[in-house]
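Dear colleague,

Please find below the structure that I am passing on to you.

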Amino acid sequence: MSHPLTLDDIRRAPKVLLHDHLDGGLRPDTVVELAEAVGYTGLPTRDPAELGAWFRDASDSGALERYLETFTHTVGVMQAREALERVAAECAEDLAADGVVYAEVRYAPEQHLEQGLSLDEVVEAVLEGFRIGQERAAAQGRPIIVGTLLTAMRHAARSLEIAELAVRYRDVGVVGFDIAGAEAGHPPTRHLDAFEYMRRENAHFTIHAGEAFGLPSIWEALQWCGADRLGHGVRIVDDIDHAEGGKVRMGRLARYVRDQRVPLEMCPSSNVQTGAASSIAEHPIGLLRELRFRVTVNTDNRLQSGTSLSEEFAKLSSAFGYDWDDLQWFTVNAMKSAFLPFDERLALINGRIKPGFAQLKWATR
Ligand SMILES: [Zn+2]
């Protein structure tokens, strides 16, 4: 009886996004314009439509070097204050236009120092951009709250410094900390001092874990580092077996993740592109939602995946038959897991998410 969800309907739903990279969400025409403005000559093409397609193809190619090359270009044009401000402002506007009401957007400040900005200047430029973008979105009748996560690169040795930066800006828009980059050979425990510092400061962090690499990475992120959430966490399915009679048997780690309600920041299209899942229809999100893990749906890199949060939900809805109740469940999961004060989370759930979904359910019944 349920009405199939259209992309347009899903765009109108009040959504929450916890895992989105600033350098993975630029508009193709902005990449071209910034490259011209700063004299960046490395782009494969200066035609925005072709460039957008190139980003998707390079990320689809299955070759890690080509995927990483896409970030060389986006990070390459994000080295000046004005560029960072513009990219952040447009990010907030684009997410708001997609119906996102709360987002946590992350980036690695240490990657934006090539032209002489300091870490603090990078953070201030991005915060100013988000402020401008939130103001414009509100003026267009689509209010959005954007929090920032500061990411440290796991192959580098600056994580404590970045964690300190996150704490320094915690009262003006930075809501947490993260580590990202190649998992294999770079276990999260290498950055234990940064995580211990965050915990001593009563601050929040998530860790990219269980994307390319398996259970040990998830286990370290949770039990050694104390992560509040897992970036991806897809490989937790390696600890879940299908036993006889359609029953499911979970190992201790999977049970811990479910029992503790550890939020999983899943990014379906991105996981397919990097090979962490073989297709959307076979993405572990289907099983994990059934088992009621604290699953959330995210975009990761909107430019590289040619996607938006609404499109991710539309793909899941057609693969798994998800309806408004499922979408609301994912959304409330995400809002409950946000690094925002409890009363503010509750205000968004009761003031925007529940009424928004109730209205949509009624309008599309
Ligand atoms: Zn990510």
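Which residue in strand 5 is the bridge partner of Phe-177? That partner is Phe-205. Please bear in mind throughout that this is a predicted model.

Strand 2 can be followed to both of its neighbours. Strand 1 (residues 15–21) runs parallel to strand 2 and is joined to it by five bridges; the bridge partner of Val-16 in strand 2 is Tyr-102. On strand 3 (residues 145–153), Tyr-102 has Ile-145 as its bridge partner, and six bridges join strand 2 to strand 3, again in parallel. Strand 2 is mostly covered, with eight of its eight residues buried.

Further along, strand 6 (residues 229–232) and strand 9 (residues 264–266) run parallel and are joined by two bridges. Gly-231 has Glu-265 as its bridge partner in strand 9.

Strand 5 and Thr-206

In general, the side chains of a regular strand alternate between the two faces of the sheet. In strand 5, Phe-205, Ile-207 and Ala-209 point one way, while Thr-206 and His-208 point the other way, and all are buried.

Why does Thr-206 count as buried? A residue is buried if 20 or more other C-beta atoms lie within 10 Å of its own. Thr-206 has 28 other C-beta atoms within 10 Å, and therefore it is buried. Leaving aside neighbours within four places in sequence, its contacts include Leu-149, Gly-176, Asp-178, Gly-231 and Glu-265. The C-alpha atoms of Thr-206 and His-19 are separated by 9.7 Å, although these residues are 187 residues apart along the chain.

The helices

Helix 16 (residues 342–363) has 22 residues and reaches 30 Å from its first C-alpha to its last, close to the 32 Å expected at 1.5 Å a residue. A kink of about 35 degrees is centred on Ile-349 in this helix. Ile-349 is also one of its buried residues, together with Arg-345, Leu-348 and Ile-353. Among the elements that cover the buried residues of helix 16 are strand 2 (100–107) and helix 15 (324–337).

Packed helices are described in general by the angle and the distance between their axes. The axes of helix 3 (residues 48–60) and helix 4 (residues 64–76) come within 7 Å and cross at roughly 145 degrees. Helix 3 makes this contact through Phe-55, Ala-58 and Ser-59, and helix 4 through Arg-66, Tyr-67, Glu-69 and Thr-70. By class, the contact has three nonpolar, two polar and two charged residues.

With kind regards

Methods. Residues are numbered from 1 along each chain as its sequence is written. This is a predicted model: local features need pLDDT of at least 70, side-chain atom pairs count only at pLDDT 80 or more; totals for chains, interfaces and linings use all residues. Helices (H or I, at least four residues) and strands (E, at least two) are DSSP runs, numbered from the N terminus. The expected span of a helix is 1.5 Å times one less than its number of residues. The bend at a residue is the angle between axes fitted to the seven residues ending there and the seven starting there. A residue is buried if 20 or more other C-beta atoms lie within 10 Å of its own, exposed if 12 or fewer, and partly exposed in between; C-beta atoms are placed from the backbone. Two residues are in contact if their C-beta atoms, placed from the backbone, lie within 7 Å. Axes are lines fitted to C-alpha atoms, for helices over the stretch in contact, and angles run from 0 to 180 degrees between N-to-C directions. Ala, Val, Leu, Ile, Met, Phe, Trp, Tyr, Cys and Pro count as nonpolar, Asp, Glu, Lys and Arg as charged, and the others, Gly among them, as polar. Two strands pair if DSSP finds at least two bridges between them.
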